[in-house]
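Work through the exercises below on aromatic rings and their contacts. Try each task before you read its solution.

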Amino acid sequence: SAIHSILVITFGWDLSDRVVIPALGISAAEFACFMAFWFLNMAVVVRGIDCIRWLEKLGAPFLLAVGFGLLGWALIAAEGFGPIFSQPSAFTTPAAFWSAFVPGLTAMVGFWATLSLNIPDFSRFAKSQRDQVLGQAIGLPGTMALFAFIGVVVTSATLVVFGEAIWDPVALLARFENPLVVLPGLVALVIATLTTNIAANIVSPANDFSNLWPRQISFKTGGIIAGLIGILMFPWKLMADPSGYIFSWLIGYSALLGPIGGIMIADYYLIRKQKLAVDELYATDGRYRYSRGFSRAALLALVLGILPHVPGFLVQVNLLSTESVPTFFTSLYHFSWFSGFGIAFSLHLIFHRIGFRT
């Protein structure tokens, strides 16, 4: 979107005659911009982890600069923190608040659960345990809280300046009339999105595909496979509907990631007491071999942690009617990361206690 906006502003394209390709749901120009960004991602991936590390160091200042720049604009343009901070709550009852807060919280936890599960892809390069703890403690909670705050303030300011709430930074930057402001801002967004996408969405699956068949699939090949799947998912369609993106996509895969996190935490902290035999992780006949390479106890805990949320998901994507599913399951779906984590966590411990470990 940022690349497309740059081209629109630079060449003065008239979007009134925009033609959407039915199979894609976007125009040819928008798809070309998506593919340009895709090739940019792949160009970084094929250069390996050192290039990714260099790019991450470059991208962090851009993220902060754009964020503080938008925050400064919001405070000046709206003459303060905007109407959101002075308006009364839109929720008239506690029940109305919780019905919005819980799904939103689950969606955001699910959003970050991806990186929380694959953070070892990065923390294994740290020089010590203390370094990776400090890095995450400083780099993640504080900056995420800051950017959430900036998002609220800037969106509030758009109500004052433009008469409507604009949450998309690309759409917001496109509203500015001065190209000297718009173009650098959009370029910074491209770089920031590139660094975020590679770290959060490419490194982990690239390692996963490589580990499935290490003799044939390198990290670079794994990254390309992940990129190809990324095209086939039509991600622009996921983003087109905010409600579907949050309730179907983010909460939907929270039901998958929560149980995985529960099993990992239970196994590492309570069962193994934070001790791993590193050499045996790579031994075909070591203690982690389980049954032909798979832990049946962990897989069963995973399946049982996911199953209770399936009815609610099917209702959410309109494959089942609301009337055909008990309210308990549709409500449980909105807690899917937390309930899935708890169920899988508990079952994995129980299976270990009763001796079902293979």
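**Exercise 1.** Find the ring that lies under the charged end of Arg53.

*Solution.* Start with the rule: a charge sits over a ring if NZ of Lys or CZ of Arg is within 6 Å of the ring centre and within 35 degrees of the ring normal. The ring under Arg53 belongs to Phe125, with the charged end 5.5 Å from its centre. Now take Arg175: it lies over the face of Phe162, 5.1 Å from the ring centre.

This is a predicted model: local features need pLDDT of at least 70, side-chain atom pairs count only at pLDDT 80 or more, and totals for chains, interfaces and linings use all residues. Residues are numbered from 1 along each chain as its sequence is written, and side-chain values use heavy atoms, leaving out hydrogens and water.

**Exercise 2.** Classify the ring pair of Phe97 and Trp98.

*Solution.* Rings of Phe, Tyr and Trp (its six-membered ring) pair if their centres lie within 6.5 Å; planes under 30 degrees apart are stacked, over 60 edge-to-face, the rest tilted. The whole structure holds 20 aromatic pairs. For Phe97 and Trp98, the centres are 5.1 Å apart and the planes at 75 degrees, so the pair is edge-to-face.

**Exercise 3.** Classify the pair of Trp98 and Phe101.

*Solution.* The centres lie 5.5 Å apart. The planes stand at 85 degrees, so this pair is edge-to-face.

**Exercise 4.** Which residues join Phe31 in a cluster linked by ring pairs?

*Solution.* Follow the ring pairs: they link Phe31 with Phe34, Phe234 and Trp236.
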